[in-house]
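Hello,

Here is the structure for you to look through. My notes on it come after.

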Amino acid sequence: MHHRSLKHFPPGFFWGGSTSAYQVEGAWNEDGKGPSVIDMGTRVPNTADFKVTSDHYHHVDEDVALFAELGLKAYRFSIAWTRIIPDGDGEINEKGIAFYNRLIDALIAHNIEPIVTMYHFDLPHALALKGGWYNRDTIDAFERYARVIFQAFGDRVRYWLTINEQNMMILHGDALGTTNSVDTHNPYKSIYQQNHHMLVAQAKAMILCHELLPNAKIGPAPNIVSVYPATSKPEDIIAADNFAAIRNWLYLDMAVYGRYNTIAWNFMQELDCTPVIEPGDMTILKHANPDFVAFNYYSSATVQASVSGEDARNSTGDQQIVVGESGVYRGTSNPNLEKNEFGWEIDPVGFRSTLRQIYDRYQLPLIVTENGLGAFDKLEADDTVQDPYRIAYLKAHIEQMQLAITDGVEVFGYCPWSAIDLVSTHQGCAKRYGFIYVNRDESDLKDLRRIRKQSFFWYQNLIRTNGADLVESGD
Ligand code: BG6
């Protein structure tokens with residue numbers, strides 16, 4: 001759609017930055033923190049583990065000062081459940097509460113809005129030993145954890161995100177190390193049972209948040225992308241509908257409307273993996289009303305029809321590279337798009353389309369909680385990092401976001417991944433995303449020095465002008 005003029009970013013727009021606890025904090029076993037499934041998981045050989053990461057735990061004041069210098073209006077981070085309740089459902093660890101109090105207070109002192117993810121992949125290991133999300137008791141543990149953090153931080157935190165990328169945990173649990181199949185005969189059965197329990201836990205947390213914190217806002221944070229058919233063949237269109245339902249709408253239809261998406265439900269029926277729904281679950285799901293939809297976006301997805309009986313899961317995709325499902329959809333690449341160094345397709349226009357689709361479907365304000373480019377940044381001899389490729393990626397996406405806003409989509413924030421370098425979910429710390437370089441490599445912690453990248457200054461200027469300088473401040 002052509003627009004005669006573009007709408008401005010709204011006043012008070014949350015230009016932010018994102019991280020997650022296990023990827024940035026380090027201090028994995030300090031001050032009473034319990035182990036999470038990430039701490040106990042296996043790592044890809046020769047990549048960094050999550051013990052120290054960017055050592056944000058010990059650099060918190062310095063990092064927040066840098067975020068303030070960058071000009072961030074919001075900082076989206078996650079709380080490590082195991083810092084607050086080390087075994088997931090037992091004693092509360094006051095030192096864990098103290099750490100987040102310190103972080104939140106520092107943010108507020110710098111006029112940076114804290115946006116808190118309650119759970120970002122790092123389930124307490126002690127709960128995993130009891131069956132993890134397969135065990136219904138984990139719902140109660142999550143609700144109790146929610147109560148603890150709402151009571152501890154709700155006087156200052158106004159924006160809450162429930163579960164980061166639940167859909168990726170379900171679709172790529174093996175890659176993320178977060179879902180263990182309990183039923184080996186039909187792994188889908190246990191995976192979609194875990195999914196159901198997470199959905200109920202999320203609903204309970206949203207209800208509780210509204211009860212305890214009437215002025216706070218809460219929403220889900222899945223990874224949502226436009227799904228394209230590989231061709232205009234009707235069968236490919238159906239495949240795209242299938243994947244969009246299984247990947248996107250299953251999660252948001254439940255979070256917003258409290259009902260299972262029809263196509264996704266039928267997919268589960270075909271695979272004999274519909275979850276056991278206890279009496280009362282659907283009432284809880286129906287009564288949980290998010291105030292907004294948060295979502296992460298890195299790339300679009302393209303699929304084609306899959307013939308029943310074929311092995312459609314024939315590639316080793318990570319959480320962004322689509323694989324397939326026999327007779328349902330088959331992932332393919334999009335010849336119109338370039339790829340980043342890690343094989344992820346780059347699709348800014350798909351970002352606009354994703355924003356439009358989500359808003360059209362749910363009519364709730366949107367916030368982008370992740371978007372960014374992983375790359376092998378290089379620290380130059382003069383202590384600078386030149387990352388024009390990252391600026392180009394972010395600029396192209398922000399331009400498309402502005403077009404979406406002009407299309408009428410209500411967007412109130414954009415928090416690129418990542419505010420500062422951190423350890424990638426499964427590709428180590430050589431895959432960098434931040435505006436701030438952290439001087440370490442996979443095995444050598446060096447001095448963990450913080451260095452402002454070229455993109456830091458670009459984003460700083462963009463924020464200063466509330467996005468008005470998008471064109472002028474380009475690379
Ligand atoms: C999202 C996650 O899936 O993508 C982040 O929420 C993750 O935790 C980000 O780091 C980028 O993925 P990766 O694999 O490059 O770290």
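Predicted model: local features only at pLDDT ≥ 70, side-chain atom pairs only at ≥ 80, totals over all residues.

Residues are numbered from 1 along each chain as its sequence is written, and side-chain values use heavy atoms, with hydrogens and water left out.

Cysteines. A search of the whole structure finds 0 disulfides (pairs of cysteine sulfur atoms within 2.5 Å). The cysteine sulfur closest to that of C209 is in C415, and at 17 Å it is too far for a bond. C209 has 0% relative accessibility and so counts as buried (under 20% relative accessible area, with exposed over 50% and partly exposed in between; 1.4 Å probe, protein chains only). C415 also counts as buried, because its relative accessibility is 0%.

Helix α16. Helices here are DSSP runs (H or I, at least four residues), and strands are too (E, at least two), numbered from the N terminus. Among the buried ones are F456, W458 and Y459. Their cover includes β1 (14-18), α3 (60-70) and α15 (388-407). After α16 comes N466, with a positive phi near 50 degrees.

Helices α5 and α7. Helix α5 (residues 94-109) packs against helix α7 (residues 137-153) at an angle of about 45 degrees, and their axes are 11 Å apart. Axes are lines fitted to C-alpha atoms, for helices over the stretch in contact (heavy atoms within 4.5 Å), and angles run from 0 to 180 degrees between N-to-C directions.

Regards
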